[in-house]
Structures are given as C-alpha cells and as structure tokens.
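Thanks for coming, everyone. Please have a look at the structure on the screen, and I will walk you through a few parts of it.

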Amino acid sequence: MTHPPDRPHRRRPRRTVGLLLSAILAALSLLFGAIPANAVTPVPPTQPGTYKVGTYEFLYWTGGPGFQNARVSYPATSDGWLKPADKTEGKYPIVVLAPASWVGFDYFDWAIGYLTSHGYIVLSYYPPNLLSTDPYMHTKNIKAGITRLISENGAWGSPVKGIVDTGRIAAAGVSLGGAGALTAAAQDSRIDAVVAMTPGYDPADPDLYNRVEADVRNIRVPTLIESGQNDCISPGAGKRYYNDVSGTYKQYVEIGGANHVQFLDDQGVSVPIPGVPEDCDPGVSYDSQHYTGNVYATAFLEYFLKGRTQFGTYLNGAYAQADRASGVLSDLLFQP
C-alpha cells in the first residue's frame, strides 16, 4: 500500500485491525448477504465452468391454458437431483429459457448444463400446449418463470432458497421460444439481457409477426441473436430481428454451416411438418454448433449480467474476429 510521504504509515495494532475487519464484514453481510469465503476466478467461456449441476422439477401455473412442467438447474455441490446448492458466489443470476416448438427442456441440456456450470440458475419448461405456434405463449411463460424463480428464493425447502439473484435476469429461447424471449425482453422490465437462438419467424402470418417485430423494436436491454448459416426453417429471421433492435447493445452471430435443428440436443431431427419448411443439411457437427453457441451465449451473459468486461474479446474483440476470419462464424454484427 502506498502512503503520501508527509503522512507516515502507523501500523494499527493487529487485534484492532482484526476487530475492525470483522465489524466491516458483519455490516456488509447484513446489507448484502453472505460474502463468499474465496474470490471467484471466472472460467473462460471456451470451456465448461466448475460448478456441478443440481436439478429439480415442479409444476407451475402461467395463467394460460394450464400447468406446465419446469426444470430448474442450479450450481450445486455435486451433480444430480436435489443436491445442496453451491454457495461460492452467494447469489446467481437467473436465465429463463423457452424451448422450440413441440419440445421441452430436455432438448436443451447442451446449453442449460453449460450455463449452470458457469454459475447461473436456469429454468426451462414444457409448455402446456406443445402444438402452439404463437411466440407470445413463450412470452407469458418466461415472465411467469421469472416470477416463480423469484418466489423460490424465499420458499422454505427450495434447493435455491437464498441463492437467486433477483436483480440479474436474462430471457433466452430457441426458435419459437427465441421469438418469445425477444418479446418478453421488450415487455418485462425485470429482464436485463436477452439471448435468442435461431428465433422463429413465419412470413405466412404477417399480422402476428408484425406485432412481434413492433415489440422487438422496443427492446432496451443488451441483445444477442444466434443463427445458423444453413437455417432453412427460419432463414434470415435472426438478422431481421437484429435490425429491428435499437437503442441498446446488440449482436448477431451466425455460425458457419449451422442449421436450425442442431440448436436442439442431438436427439433432434428435422421431421417434415405440414406448413413448416424442412431444414437444410448442416455443414458442422452438433458438438461444433453447440460449442460455438455456448461460447458466445456464455460470454454475453458473463459480460452483461456479471460485469466481466474481460470477456468482451469473445463478443466483438480479437476472439470473435478470428472466428469470423476462419469461417467459424459466417457473419458477425454488433452495435454498441
């Protein structure tokens, strides 16, 4: 510690220093909750985090057509069902992830597990109406999921009691759920950031999607949109929504060779459905597409929810530019 030359440092008696430090820590603990015993060293988004993944499920009411089944994944002391929470960071940001059409949370373990390992509490769900093609169903479900996770923070017996950071919240989604995440971010002031992966868009329903785009134009929180170069189910939708967003940081990441379906776990296949275009063949493996998607989503949330500005290189700095130059990304757009 450096001291001005005209004010010589006088060593405070060790006992006095210890008592003073204890008092300060006690006061901070009362104000902000428990202070982690050890400083947390962030893990680069290019590799899984260090947290184990605990899980539990419940049914909750969204005010829509019925109950839906939700799964919560949270940093835990060991992997598995209802494991004790790992309280290293004290509290963890929330991510509510909306699934694609006709599927639910167990098709997105690749993203949910990765984010949880980096210190996020992730809620995903099976919607009560799997056949719905309305992104606003997911808008409602995301908002209800946020409300439920906030209540879980104070619920007796909840595995995440006391570790939910109710002031750092992200909406995320894939395909139809990605469009729902964007509209949720426009409507719900509790949301601090949004990640939309291959967001859905149906030109055959212009009235509905004109409304969606009108909402997207009202987003005022940092926005990341990921798409695939070979996406033939909602081609061009990601860039369209990117262009709609204004007045905030926004980023568009297009993964070279990626298609639409591979944003699901590798159990996902392109099945011809009446009225829905069949997806194009991918030019990269599931693992490669998932890896790139995870790097950018994790870096984005680390930057904007946890304030880890050193991860800016993975968003629009040297790392991202190298991915663009090598073809890992077929397109990269961002606007501060």
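**A walk through the model**

Lysine 239 is partly exposed, with a relative accessible area of 30%. Keep in mind that this is a predicted model.

What does lysine 239 pair with? Its salt-bridge partner is aspartate 331, and the closest N and O atoms are 2.7 Å apart. Aspartate 331 sits in strand β10, residues 329-335, while lysine 239 sits in helix α6, so the pair ties together parts that are 92 residues apart in sequence. Aspartate 331 counts as buried, at 13% relative accessibility.

Glutamate 57 forms a salt bridge with arginine 71, with 3.0 Å between the closest N and O atoms. Glutamate 57 lies in strand β1, residues 52-61, and arginine 71 in strand β2, residues 67-76, so this pair ties together parts that are 14 residues apart in sequence. Glutamate 57 is partly exposed, at 29% relative accessible area.

Now to strand β6, residues 164-174. Is this strand mostly covered or mostly open? Mostly covered: 8 of its 11 residues are buried. Which strands does β6 pair with? One is β4, residues 92-98, in the parallel sense over 7 bridges. Proline 93 has aspartate 165 in β6 as its bridge partner. Another is β7, residues 193-197, also parallel, over 5 bridges. There, glycine 173 has alanine 196 in β7 as its bridge partner.

How do we get from β6 to β7? Together with helix α4, residues 176-187, these two strands make a right-handed β-α-β unit.

Stay with aspartate 165 for a moment. Arginine 168 forms a salt bridge with aspartate 165, and the closest N and O atoms are 2.5 Å apart. Aspartate 165 counts as buried, at 15% relative accessibility. Arginine 168, at 23%, counts as partly exposed.

Last stop: helix α5, residues 206-216. Its buried residues are Leu208, Tyr209, Val212, Glu213, Asp215 and Val216. Why do they sit on the same side of α5? Because they cover an arc of only 155° around the axis. An α-helix has 3.6 residues a turn, so residues three or four places apart point the same way.

And what covers the buried residues of α5? The cover includes α3 (135-152), α4 and α6 (237-244).

Note on methods: Residues numbered from 1 in each chain as written. Predicted model: local features only at pLDDT ≥ 70, side-chain atom pairs only at ≥ 80, totals over all residues. Heavy atoms only, no water. Buried < 20%, exposed > 50% of the residue type's maximum accessible area, 1.4 Å probe, protein only. Helix = DSSP H or I, 4+ residues; strand = E, 2+ residues; numbered from the N terminus. Pairing = 2+ DSSP bridges. Right-handed = clockwise from strand over helix to strand, strands pointing away. Arc of directions from axis to C-beta. Contact = heavy atoms within 4.5 Å. Salt bridge = Lys/Arg side-chain N within 4 Å of Asp/Glu carboxyl O.
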